[in-house]
Amino acid sequence: MCTEGEIATNTDPAGPWSLVVPLKPLARAKSRLGRAAGEDARPRLALAFAQDTVAAALDCSRVRDVVVVTDDVVAGAALAALGARIVPDAPEAGLNAALAHGARVARTLRPAAAVAALNADLPALRTGELARVLDFASAFPRAFLRDAAGIGTTFLSAAGGAEFRPAFGGPSGARHLASGAVDMALSGVDSVRRDVDTGEDLRVALALGVGPHTARIASAAASGCDR
């Protein structure tokens with residue numbers, strides 16, 4: 001684990017990053033939210049999470065571009081309208097294959113690009129907090145940030161020339177650590193760690209302060225439940 005003050009490499013933290021954001025088809029996304037938010041709201045929330053995540057990422061000065069890997073036509077159109085580059089999930093072999101594919105696409109135009117995977121369900125994402133994570137990660141060949149539970153991963157980076165090697169899903173923090181990636185112990189980046197899978201996760205994200213897309217859908221869903 002590496003904490004602030006332990007950066008050992010002199011790199012350019014302001015160098016441009018390519019972020020890869022994976023997104024399931026909305027009909028299958030966020031299945032655990034259905035009970036809390038309602039099945040009608042669930043796919044709309046999944047899209048809203050992705051919109052707020054991508055919008056915040058694109059607004060970050062450290063980010064050159066965002067590649068969204070998805071086969072969902074509706075989500076693709078909405079995220080392309082924000083400025084993301086949409087890439088079909090050509091491998092169709094699960095999350096990690098999709099991420100590796102997105103990273104290859106990002107490096108097609110910029111072979112030496114620093115790339116990072118970012119979860120699509122970070123509706124409270126703050127641009128400044130993402131910049132801190134990217135600056136910290138830029139000092140290492142590979143680094144990752146654990147989710148709020150400390151078990152999964154919300155962010156995995158690979159510097160220019162470094163192999164990406166995503167291992168998301170379940171206890172991915174342990175797998176990324178075992179793969180040689182640096183475990184970033186950063187404070188004050190709660191919005192980058194707060195992914196949303198359950199109703200309780202959503203309540204915590206709302207307390208942090210979510211983006212406008214999620215706020216609108218969550219409010220509408222809450223109003224519907226109150227009737």
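Guide: Angles under 35 degrees count as roughly parallel, those over 145 as roughly antiparallel, 65 to 115 as roughly perpendicular, and the rest as oblique. The model here is predicted, with local features needing pLDDT of at least 70, side-chain atom pairs counting only at pLDDT 80 or more, and totals for chains, interfaces and linings using all residues. Residues are numbered from 1 along each chain as its sequence is written, and side-chain values use heavy atoms, with hydrogens and water left out.

Visitor: At what angle do helix α2 and helix α3 pack?

Guide: Helices (H or I, at least four residues) and strands (E, at least two) are DSSP runs numbered from the N terminus. Axes are lines fitted to C-alpha atoms, for helices over the stretch in contact, and angles run from 0 to 180 degrees between N-to-C directions. Helix α2 (residues 41-58) packs with helix α3 (residues 73-82) at about 25°, and their axes are 10 Å apart. The two helices are therefore roughly parallel to each other.

Visitor: Which residues of α2 and α3 make the contact?

Guide: Contact means heavy atoms within 4.5 Å. From α2 come L47, A50, Q51, V54, A55 and L58, and from α3 come V74, A75, A78, L79 and L82. By class, this contact has 10 nonpolar residues, one polar and no charged. Ala, Val, Leu, Ile, Met, Phe, Trp, Tyr, Cys and Pro count as nonpolar, Asp, Glu, Lys and Arg as charged, and the others, Gly among them, as polar.

Visitor: Which residues of helix α8 are buried?

Guide: Buried means under 20% relative accessible area, exposed over 50%, and partly exposed in between (1.4 Å probe, protein chains only). In α8 (residues 199-208), the buried residues are G199, D201, L202 and A205. These cover an arc of only 150° around the axis, which puts them on the same side of α8; the arc is that of the directions from the helix axis to the C-beta atoms. R203 and A207 are exposed, on the face of α8 turned away from its buried side. Just after α8, G209 takes a positive phi of about 110°.
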